[in-house]
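Dear colleague,

I am handing over the structure below, and would be glad if you could look through it alongside the notes that follow.

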Amino acid sequence: MAHKAARLDADEFMDHFFPYSPNPPSPHAHADSTPTPTPTAAAIPQWDSSTFGDLEGAERLNEKELSSRFIKAIETVVPDLLKLSESQDKPDKGDLSGQKIDAAFFRPDSLPTDGRPHWADQMVAVEFKTHDKQNDPFDDQGEDTVEGDSNGRREVRGQLIEYAEQVFKYQHRTALFMLLVMGRRFRFLRWDRSGTIVTPSIDYYVQPQVLCEMLWRMAHLTEVQLGCDPSATRLCRTDADYITMNVIALPVADDLDHTEYAEYPDTKDYRVFRYVRAMFSHSIQGNWPRYRLEVFQDGKKFLFLVGKPVYHTAGMAGRGTQGFVAYDLQRKRFVWLKDAWRAHYDFVDQEGTILMQLNNTKDAEGNPSPVANVPTVVCHGDVRGQTTRTPEFWEMKNDATSAQDISSSRSTNPTQASLSGSSRDEEASASTKGKKRSRAEAEKTTPDLDSCPLRRHMHYRLVVEEVAMPLRDFKGGFQLLTIILDCILAHEDAVNKAKIMHRDISGGNILIFPRALSFGNSGKKHVAWRGLLADWELSKPIGGVHDDRARQPERTGTWQYMSVAILLDHSKVVEISDELESFFHVLLYYALRYLRSNCLQVGSFIETFFDADFTDPNGKRCCGPVKMGIMTGTQPLTISPISKEPIKFASKPLNEMFEELLTAFRSHYIVRDYEAQNRPQPSESPSTPAPEPPVDTDPIIYACTSESFFGNRLAPINATPPSIPAEPLQLPPHPARLSKPSDEVIANAKKASSHGAILAIIHKAWNRHQFGEFTVDRVDDKVPVTYKAQGRVGPADSAATSTVKRRRMQTIQEGAEGSSKTSRRPPRKTGSCKI
């Protein structure tokens with residue numbers, strides 16, 4: 001199991017994270033701090049056991065009494081620069097999660113008086129536990145073991161992760177310090193997006209100097225040293241930008257109606273869709289903190305105003321993606337701002353760099369021919385060279401011989417970068433773009449990525465023009481197909497024009513964006529809801545010289561939508577067939593959940609088909625048996641695994657479309673298995689790298705009823721569209737699959753690897769809307785809020801796989817409530833589930 005924690009002795013922890021200078025800057029200084037020398041003994045007060053004299057019997061105290069005595073004991077230890085406030089009884093007002101941490105340190109001018117957590121103002125989190133081994137989430141017994149493995153210890157660790165999540169959600173942070181007090185023992189923790197650095201468990205009654213010095217040093221740190229992000233400026237109610245946010249959130253009479261088919265005015269002036277301003281207005285309601293964020297690109301600084309994130313990825317270890325409807329201060333318009341901790345490895349491009357490639361592709365004659373239906377970049381850049389530090393200390397403790405080499409492989413060194421303004425960002429940008437080592441050099445010097453199980457991350461921001469809506473907002477089956485068609489077109493364009501494979505097709509990455517299109521011959525423009533394929537951060541170039549080395553230590557993606565082939569073989573190169581199968585899974589998921597059908601227990605179906613996994617004899621987590629059976633043809637698509645009743649939707653075109661798509665993918669697996677079983681055994685000669693997935697060079701073989709359907713992406717129409725059987729091939733279960741597939745099966749299998757063929761099948765169902773064959777089939781969410789999953793979701797070792805109260809693809813957007821203080825982890829969005 002890949003642990004997410006690294007142990008650091010208390011003295012080392014202080015030297016690295018709690019430095020002290022006799023003449024420190026103001027605690028509120030909002031600039032990066034330089035390392036300060038370890039103070040001399042004369043500069044630090046001395047404490048003895050009398051400091052905690054009232055806690056000699058702390059092993060026998062309950063949490064309430066423990067916290068009360070502890071807070072009183074440290075009153076004379078911690079300078080007035082930080083104040084400790086209890087909050088174990090009441091959650092914050094308006095906080096649906098209901099989280100209540102025991103206490104926290106605050107700046108004196110932000111000290112709460114109402115006994116609530118005030119997540120937006122906490123400087124250092126504090127949690128109290130009774131003196132019980134099961135209340136200690138970490139283990140000091142072994143050199144290779146940091147995290148305790150018992151159920152009780154896991155629950156406590158999950159609880160602490162929830163608290164860290166809350167602070168990171170409310171505040172813009174690079175790290176968070178937390179004090180954990182367990183009876184008469186304590187630990188200090190430092191959280192970032194790679195994991196946790198933790199000190200050993202120490203008896204503060206026996207060794208009072210250690211805890212008192214750590215608290216005393218901590219109180220002298222600046223806000224940046226305490227983990228606040230200096231590129232995010234907290235706004236006060238009297239700030240001009242704060243007032244600006246109030247003004248621009250107000251409804252404007254000439255804002256555009258975003259309802260589909262609403263008339264779009266003939267104007268080139270910038271106009272705002274109503275839903276965009278409404279989303280921004282919602283983000284600044286209540287007491288949620290407001291910030292001014294900076295983004296540096298090519299030496300230029302861009303400023304944006306944001307409130308509450310519209311989207312927030314659950315979990316601590318990972319990219320920690322947040323999405324905001326932001327206000328561009330320079331251009332005076334709303335944009336979408338994505339704040340994330342991207343994977344920080346050689347050959348892993350920034351998402352904005354990838355999108356700019358897609359935005360700037362050209363045709364064979366050199367004319368602009370951008371990839372259709374993808375976001376348009378405004379600006380992007382790494383944030384002040386900020387990287388996660390937990391992997392550094394894991395390497396130092398576990399792999400000292402290679403730590404230097406590993407550090408040298410990184411594209412930036414934040415401790416060496418300039419600490420002020422644009423020069424720092426220019427240096428980080430230059431090192432990222434221009435100082436990468438050659439592939440040959442990397443082969444010689446880069447150690448195995450798996451040598452450190454903790455993923456390295458770089459803080460990054462991307463701003464795009466399009467403020468889109470989530471896929472779940474679609475209004476019916478016809479509209480769902482329109483959106484999916486647009487995104488498959490985007491994927492095809494990216495593969496053929498830019499030689500880029502998306503590699504994370506999921507419901508969360510397929511969005512709805514209203515556009516102005518012409519309908520009929522009137523020349524008037526109307527609003528059309530179209531698809532937008534977003535989140536290209538996991539994409540990878542294809543074609544050319546193959547680099548068979550992994551660029552990251554783990555495969556990432558969205559478990560629920562991954563192809564059966566990928567879930568069975570985690571090392572498999574992603575091919576077009578895998579991506580097209582993921583589009584199928586998105587279609588099936590959203591159709592089942594939001595369209596009328598005979599499947600009444602949708603939550604159970606989602607759990608068994610999309611969420612489930614299976615452990616093979618070697619202990620590897622792989623595809624669940626129901627999904628594998630249905631996609632390979634050994635099991636029919638029925639309303640439940642024990643039922644013989646096929647799934648049927650209210651719209652006949654949808655039923656026939658799903659049958660045809662299943663025929664293609666089942667045929668694909670029949671041919672794939674036959675070829676694998678009859679492939680010659682590998683020789684003893686050195687293995688050659690696996691070939692890159694083929695580029696989809698098939699001609700586009702679908703037709704459309706009007707040019708306006710494809711918007712700016714006009715599809716060529718063949719004179720003779722492909723012949724698709726009216727009745728799809730019925731595939732009987734096949735036992736060993738040793739016999740050679742028929743020509744018909746082989747022909748159907750080829751469709752699974754062709755954008756054109758899959759588009760043709762979906763478009764045929766879409767086109768039948770012209771004849772009124774689609775009914776009003778949209779229904780409310782068919783997974784009730786009270787639904788409780790019966791088992792685990794995805795692989796057990798995943799950062800996104802804890803106890804699940806309710807499995808939903810967009811937990812934050814759909815307003816999922818977290819658990820109470822005593823519960824386990826809240827529902828997770830699994831949009832980055834590693835395997």
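Strands β20 (residues 510–518) and β21 (residues 525–533) run antiparallel to one another and are joined by nine bridges, where strands are taken to pair if DSSP finds at least two bridges between them, and where helices (H or I, at least four residues) and strands (E, at least two) are DSSP runs numbered from the N terminus. Across this pairing, Leu-517 has His-526 of β21 as its bridge partner. Helix α12 (residues 477–498) packs on the sheet and touches both β20 and β21, its direction making about 55 degrees with that of β21; contact here means heavy atoms within 4.5 Å, and the axes are lines fitted to C-alpha atoms, for helices over the stretch in contact, with angles running from 0 to 180 degrees between N-to-C directions.

Please keep in mind that this is a predicted model, in which local features need pLDDT of at least 70 and side-chain atom pairs count only at pLDDT 80 or more, while totals for chains, interfaces and linings use all residues. Residues are numbered from 1 along each chain as its sequence is written, and side-chain values use heavy atoms, with hydrogens and water left out.

The sheet itself is open and has four strands in the order β10-β21-β20-β18, with antiparallel pairing. Because β10 (263–264) and β18 (469–470) stand at its edges with a single partner strand each, one side of each has no neighbour in the sheet.

Turning to the aromatic side chains, 32 aromatic pairs are counted, the rule being that rings of Phe, Tyr and Trp (its six-membered ring) pair if their centres lie within 6.5 Å, with planes under 30 degrees apart called stacked, over 60 edge-to-face and the rest tilted. Tyr-590 and Tyr-594 form a stacked pair, at 5.9 Å centre to centre and with 25 degrees between the planes. These two tyrosines are four residues apart in helix α14 (residues 576–594), and so are separated by about one helical turn. Tyr-590 is buried, with a relative accessible area of 0%, and Tyr-594 is buried as well, at 3%, buried meaning under 20% relative accessible area (1.4 Å probe, protein chains only). Both belong to one aromatic cluster, whose members include Phe-474, Tyr-561 and Phe-610.

For the protein as a whole, there are 19 helices and 24 strands, and 59% of the 835 residues count as buried.

Conventions: Buried means under 20% relative accessible area, exposed over 50%, partly exposed in between (1.4 Å probe, protein chains only).
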